[in-house]
Amino acid sequence: MREFWALVRRDLVLARRQGSAATSVAVFFILTVTLFPLGVGPESALLGRIASGVIWVAALLATMLSLDRLYQGDYEDGSLDLIALSPLPLELVSLAKTLAHWLTTGLLLVLLSPLLGVLMQLEGSAYLTLVAAMALGTPSLSLFGSIGAALTVGMKRGGVLVSLLVIPLFIPVLIFGVGAVGAAADGLSQRPHLLILGAIFMFSLVLSPVASAAALRLNLE
Amino acid sequence: MARGRPVRPQQNNGMDLVDEFFRMGGYAAYIWPAFGVTAALLIGLFVRSRLALKTDQKTLDILQQARRDQRASAGTAKTESDA
Amino acid sequence: MANMHRFANPARFTRISNALLPWLTGATVAFFGIGLYLGLFVSPPDYQQGDSVRIMYVHVPAATLASGVYAVMAIASAIALIWRHPLADIAAKSSAPIGAVFTLIALVTGALWGQPTWGTWWVWDARLTSVLIMLFLYLGYMGLWEAFDDDRRAAKAAAILALVGAVNLPIIKFSVEWWNTLHQPASIIRADGPTIHPDLLIPLALMWGGFLCFFAVVLIIRMQREIVARRIHALQTLYVASDGHAVA
């Protein structure tokens, strides 16, 4: 267990040193959302209606673009091989790195989402749900993303392929994430959607370490 | 000739049926391309797959023949058994 | 399971599949021939959609078999990972392009069916959306095979992806269904709904059979090709090693 947290800490320290990574996620997220009012016009009613969809899609894209950082860096300088040799099972290695990834990506998106809600004229009743749904959904995005990243680690042009691989996995999170916020905005119950998001999270929590470890084992041999 | 009642010249009853068939009740523009694209994709996939098989089969035959020739000439020079 | 390894020998597979091929090809032609005749000539037009309902005879089998082929791919991948059956990953790899073609057919015919029915070339109904996502799954799978230089690594990575996709498919389909009812309570292409007329069922079943046999035929051809390609690769490596200079 100690090695687990040590790995998380290590990744966080590394991310901090390369400061630009987390910042670029935040910047991308904000910029993407900002483009929509410019594109579709400033009319509040329209923006409000598409707000949750836009914010969630931007979150998905931001996560996708950041997946590169998950294993690639360590693979390239050989640290991944060393980490794989440690007593920590590869499944937990993957989980630790994914956790660190979420803390520097997903968590950021969760915290920024209310701000973007304001930009998109999101209905007042939906803000709390937005944060909750994001908090439940973004970990799943990191977990699913880890599978794609692990399968393509070491590939030169892996980036494009990763997007294609993870998009189908992201879609349920997108649908229910938007569903939750939409329900809250309409005054309906958001509980079923949040529960399903929770279920998807549990599911990804089991699937991701297993699949990612299998893929990493494959690519490291 | 009766007025107000258009008389259609009955030329070829058979051709009218075929005509009706191709018109597909007005939906021809959708139905025929749909079946056409389906046929094109299926036949295309079949042909490509078969072509790849035949081409590779030929390459394999050439390689195997070359190997046999190589072994034959090597066999006359040495007396070691084949792996 | 012991029986399965009788077919593990690629040469034996080639012999047996060659024996089956003419029958399967004949069955494909027969199913399609009779199915098309009944579907285009004999079966009645729909009272609402008119003759355009005939597109169902290619759209529905393609769409349902697109899922079916994915299931075959997933099962083959599981067998490849668990029992390391040598033909399993070849079967999975060979199935993918066929499944992808089926999804393409479903999407194009769906659009051609949708335009006269709803006046729009694309509609985000549950089935079409699921098929579109499935196309992405197929393309990703095929892309992964191509991205690796080493065939054995590619096989394992692709198998992992296929299984991940398979376990996620029910979730994806469920969320798309839910998403669709939320946004569009309007009618979906209910060719398989309660209104299906028995006169429509027989051509539909025949076309379904045609697509299925087509899958079997092309699967065999592609698997045979893959086996030959691997033997070529093995020979080329051998040739270089024993001779010291490369084969032309």
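In the predicted model, the buried residues of helix H7 of chain A are covered by elements that include helix H2 (20–40), helix H3 (44–66), helix H6 (90–104) and helix H8 (127–151) of chain A. The residues of H7(A) that are buried comprise Gly106(A), Leu108(A), Leu109(A), Val110(A), Leu112(A), Ser113(A), Leu116(A) and Gly117(A). Helix H7(A) itself spans residues 106–119, and its 14 residues reach 19 Å from the first C-alpha to the last, close to the 20 Å expected at 1.5 Å a residue. A bend of about 40° is found in H7(A) at Ser113(A), with a proline, Pro114(A), following within four residues; Ser113(A) is also one of the buried residues of this helix. Just after H7(A), a positive phi of about 55° is adopted by Gln121(A).

A bend is likewise present in helix H10(A), where a kink of about 25° lies at Leu207(A), shortly before the proline Pro209(A).

Chain C contains 6 helices and 0 strands, and its elements, read from the N terminus on, follow the order α-α-α-α-α-α. Of the 248 residues of chain C, 46% count as buried. Among the contacts in chain C with a separation of 6 or more, 77% are accounted for by residues 24 or more positions apart.

The contact of chain C with chain A draws 22 residues from chain C and 21 residues from chain A. On the side of chain C that touches chain A, the elements giving two or more residues are helix H4 (126–147) and helix H5 (151–183) of chain C, and the largest share, 14 residues, comes from H5(C). When sorted by class, this side of chain C has 15 nonpolar, 5 polar and 2 charged residues.

The contact between chain C and chain B takes 31 residues from chain C and 24 residues from chain B. Here, two or more residues are given to the side of chain C that touches chain B by helix H3 (86–118) and helix H6 (198–243) of chain C, with H6(C) giving the most, 12 residues. The residues on the side of chain C that touches chain B divide into 21 nonpolar, 5 polar and 5 charged.

Key
Residues numbered from 1 in each chain as written. Chains lettered and ligands numbered in written order. Predicted model: local features only at pLDDT ≥ 70, side-chain atom pairs only at ≥ 80, totals over all residues. Bend = angle between axes of the 7 residues up to and from the residue. Contact = placed C-beta atoms within 7 Å. Nonpolar A, V, L, I, M, F, W, Y, C, P; charged D, E, K, R; others polar. Buried ≥ 20, exposed ≤ 12 C-beta atoms within 10 Å, placed from the backbone. Expected span 1.5 Å × (residues − 1).
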